[in-house]
Amino acid sequence: MAVPARTCGSSRPGPARTALPWPRRGPRPGPGASGPPRPLLLLLQPLLLLPLLAAPGASAYSFPQQHTMQHWARRLEQEIDGVMRIFGGVQQLREIYKDNRNLFEVQENEPQKLVEKVAGDIESLLDRKVQALKRLADAAENFQKAHRWQDNIKEEDIVYYDAKADAELDDPEIEDVERGSKVSTLRLDFVEDSNFKNKVNYSYTAVQIPTDIYKGSTVILNELNWTEALENVFTENRRQDPTLLWQVFGSATGVTRYYPATPWRAPKKIDLYDVRRRPWYIQGASSPKDMVIIVDVSGSVSGLTLKLMKTSVCEMLDTLSDDDYVNVASFNEKAQPVSCFTHLVQANVRNKKVFKEAVQGMVAKGTTGYKAGFEYAFDQLQNSNITRANCNKMIMMFTDGGEDRVQDVFEKYNWPNRTVRVFTFSVGQHNYDVTPLQWMACANKGYYFEIPSIGAIRINTQEYLDVLGRPMVLAGKEAKQVQWTNVYEDALGLGLVVTGTLPVFNLTQDGPGEKKNQLILGVMGIDVALNDIKRLTPNYTLGANGYVFAIDLNGYVLLHPNLKPQSNFREPVTLDFLDAELEDENKEEIRRSMIDGNRGHKQIRTLVKSLDERYIDEVTRNYTWVPIRNTNYSLGLVLPPYGTFYLQANLSDQILQVKYFEFLLPSSFESEGHVFIAPREYCKDLNASDNNTEFLKNFIELMEKVTPDSKQCNNFLLHNLILDTGVTQQLVERAWRDQDLNTYSLLAVFAATDGGITRVFPNKAAEDWTESPEPFSASFYRRSLDNRGYVFKPPHQDALLRPLELENDTVGILVSTAVEFSLGGRTLRPAVVGVKLDLEAWAEKFKVLASNRTHQDQPQKCGPSSHCEMDCEVNNEDLLCVLIDDGGFLVLSNQNHQWDQVGRFFSEVDANLMLALYNNSFYTRKESYDYQAACAPQPPGNLGAAPRGVFVPTIADFLNLAWWTSAAAWSLFQQLLYGLIYHSWFQADPAEAEGNPEARESSCVMKQTQYYFGSVNASYNAIIDCGNCSRLFHAQRLTNTNLLFVVAEKPLCSQCEAGRLLQKETHSDGPEQCELVQRPRYRRGPHICFDYNATEDTSDCGRGASFPPSLSILVSLQLLLLLGLPPGPQAPVRAQASRRL
């Protein structure tokens, strides 16, 4: 009884999701009368499918019946299980561990005790840095108080090490006059220090001064004079705590003094580093902020002025951290937000990116309406129904000028308490009366700034922090609280760090009986490398899938195995815990509890992504968490149930140590199999290497000099490594050595252990072994521990790469399973064993197992007078038979031309069939985002030499003498001059960008899509509906494996091609930010806030300053530019530090 090989209609037995639309195609050619009209057939499909399967066919071959395919599936299951029982060695390894019971102890991971101990160790580590910070801050305040200001101080009076001096001396573009001014700069010798990953000098500090600040100014020279005394405090701190890394004082004048001295890592382009714009400085210099930026876009604001405003807003946004909240609006007669954000949003990297892109779209038109702008801003700040900082509140207004003081608005919203500070910015060159702008700022505890040109933007968009720091200074000791930053990349090459910060106050008084100074001197910082914190966590006792993590009050991870930023970027590394893992409700609850500083424990079922990011597994995990006292961090521990116990080797018998150690020698590999050892830190003097053969050589040489019990070595790691060397060697003796692998078409057998041993047998198979020598970093190892049964892993193939080359039978498929046993009621999974299948041989075996013959029979032939079912061997021209793993990747096929596509996502092999499997709930899709990716920059649309965003005068302007003496000409000159310094103001030079690694990569978001088995466990048939060219298919899960067995008719009609499911990682803008801010993730701000002090003196609120150009210099330089003559070397523009001391 059979069904014809091609059947129209559709049937969906079992659960099914809403199918994606299948394209129509024309009638299929072939004999036979047409069936009933299609609408009637569609109605009858559910009732007709089963009778059709039993009806006589019109040809000699028919699609296999369900019980036949179930029989094939059982044969496949039995063959896989038989091979693994014979060659896998699971039972033998269990017995070996039990036989060697006297060589190890079973230890228990007690989550609560573990997490409390680690939290206490981290607290102690950070507390030592806090004490050093306090000594530095107190000393700095006393040094500055005792310092006597010198008006006539000269450069030659100050001797210091200029961290950028060496780079500038080698730079041919730096003018000789500039080099000559460095007579007071020290020349130092440096020694390599592995702790700093740098060359350092412990006898001196180094000084870094921003490029746009004149080193010879009186303010800077006095700053260098009094901060020199910090050198002794830095040195004493290191004597008390040799583990201290960078100790830094960031001055409010822009000077950075750090210890120990090391040359500055200047980029190939102009160095724009300014300590006052670093996240750690901003966090330490002020309390959290609620900021509304309003921008005047009336008709008078056009051309250069509007461009200056756009840039100023972007620079202002860069002064905000994740503890701050912000919104940006433009106004003329009306006010409206520049972006989709209708209320204050967290000033994180992605939200600021939305603002910066939206600001570029502002257009000038209409008339100025200050009232509309300020009313909008006050309404934003008064909205209490949203999450915000609830500390400093401020309005930043950028305008070209106006007459209205909008006093009635301030009386309504802000007086008499003046809880909102108003900062006003006069932008561009103009002749408007700035008195109203000054009055607004002074009447609302703010400050007035002028931004006449590009060069004034950076300094004037950050000096508002001085004003916000006043209440902190006046609060005195109460405000002297250490804060810890988010994770970020150290500018001096230390890698990922967190910084403890402490503000430094000016304790001087302006005169006898006067009020004390209310200016912040700067921020003291001490770095802690993440690697130093990681060393306090358990390394290998938690197993391959256990780990420790920590988060801050924003929910950002401080520690996490998935914290792996791909490149060095300016912005902090702000990876949320829910983005580091696959988000679900349980994890949201855990995250909230940790942010609130609670303790807790919870067992959950959750999804985890495989290490190679190709698979999703549903697993059980135990989460335990506690707060880290005296910090803003909370620590968590994650353990799988099988990670509760672990082995601790106890090889006290030195003769046995030597015996087992001999099996690590390459001379034993030919008979015992090749050994890879995990590249762990077994001993302090062990030289690391990425080449495992070289690493093993280094290890053996070291072991000839020391013993496993040496104090310089990690005894736990060494004893476990040597024990597992002996254990896996015994596995060779009991299970592998006397077996003929070729009989079952095996390329290799292998075992990997928690102790760090991977043994591959025979030795020659190691030549094609591509898995990580560290079992904890091998995807097959971690997945085998999390999954019962046999885990198949085909070779990884990318759709963009050429197919596999099947030469010399070297392409194999890994099949692995965990070794589990119990001792005294304690369950352990200390190892994974497996085999490597020969792809071609097993593809042929797959055909036979999914055929109608027995092992003894020849293939069954169907003649013209007989009727029989198609099978995967004889009828491979008509029948497609495949094994697909749980990630949707092709493992085996009966089609020879598909063998080189093994390992590819099945949608790239047969999009039609993969979509049907997905629509019938055999697979479920999971989408997530990688926020740590690095992408090549998008090429700019225009690579011309003209400056970006620069006002270009017309010919009429050039011929007009009045224009040459106008403010516009002076502003243009300034823009060009600063453009020479700040190269980013110009379009990118392709040649230069190509050689600059920072230009080649930028942070980006990548969208990841993984597939995993859905809810269907049963075996059933279904039809892919393609009009009269439908395909019948059968799918069934193979028991005790991660495989899906699929039998389908081969497609004949090209019109039936369906949409292709995508699995590869793709570039993305991430989830829609405008929607995300409507449901913000839970967070808490810092516990302290200093935004008000009754004794604050607000009389210093800014005064206008005019810098008229020299007409002779302007005309000569402008003519030089117009005539196209190459100007001589130009000294860097010296921006006088505007620090008000």
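Author: Before we start: contact here means heavy atoms within 4.5 Å, and the model is a predicted one.

Reader: Good. Leaving aside neighbours within four places in sequence, what is T501 in contact with?

Author: With that exclusion, T501 touches L133, W280, G284, Q481, V482, Q483, T485, V523 and M524.

Reader: Which strand does T501 lie in, and is T501 buried or exposed?

Author: T501 is part of strand 17, residues 496-505. Its relative accessibility is 1%, so T501 counts as buried, the cut-off being under 20%.

Reader: How far is T501 from K134 in space?

Author: Their C-alpha atoms are 9.6 Å apart, while 367 residues separate T501 and K134 in sequence.

Reader: Switching to aromatics. How many aromatic pairs does the structure hold?

Author: There are 46 aromatic pairs. Take F374 and F410: the ring centres are 5.2 Å apart and the planes sit at 70°, so that pair is edge-to-face. The pair links distant parts of the chain, with F374 in helix 12 (residues 370-382) and F410 in helix 13 (residues 407-413), 36 residues apart.

Reader: Are F374 and F410 buried or exposed?

Author: Both F374 and F410 are buried. G373 is also found in helix 12, and at 0% relative accessibility G373 counts as buried.

Reader: What does G373 contact, leaving aside neighbours within four places in sequence?

Author: I294, F331 and A335.

Reader: Which residues do ring pairs link into a cluster?

Author: F196, Y202, F234, W246, Y258, Y259, W264 and Y273.

Reader: And where do R680 and R783 lie?

Author: R680 lies over the face of F776, 4.9 Å from the ring centre. R783 lies over the face of Y615, at 4.2 Å from the ring centre.

Reader: How many bridges join strand 29 to strand 30?

Author: 11 bridges join strand 29 (residues 812-823) and strand 30 (residues 826-838). One example is T817, whose bridge partner in strand 30 is V833.

Conventions
Residues are numbered from 1 along each chain as its sequence is written. This is a predicted model: local features need pLDDT of at least 70, side-chain atom pairs count only at pLDDT 80 or more; totals for chains, interfaces and linings use all residues. Side-chain values use heavy atoms; hydrogens and water are left out. Helices (H or I, at least four residues) and strands (E, at least two) are DSSP runs, numbered from the N terminus. Buried means under 20% relative accessible area, exposed over 50%, partly exposed in between (1.4 Å probe, protein chains only). Rings of Phe, Tyr and Trp (its six-membered ring) pair if their centres lie within 6.5 Å; planes under 30 degrees apart count as stacked, over 60 as edge-to-face and the rest as tilted. A charge sits over a ring if NZ of Lys or CZ of Arg is within 6 Å of the ring centre and within 35 degrees of the ring normal. Two strands pair if DSSP finds at least two bridges between them.
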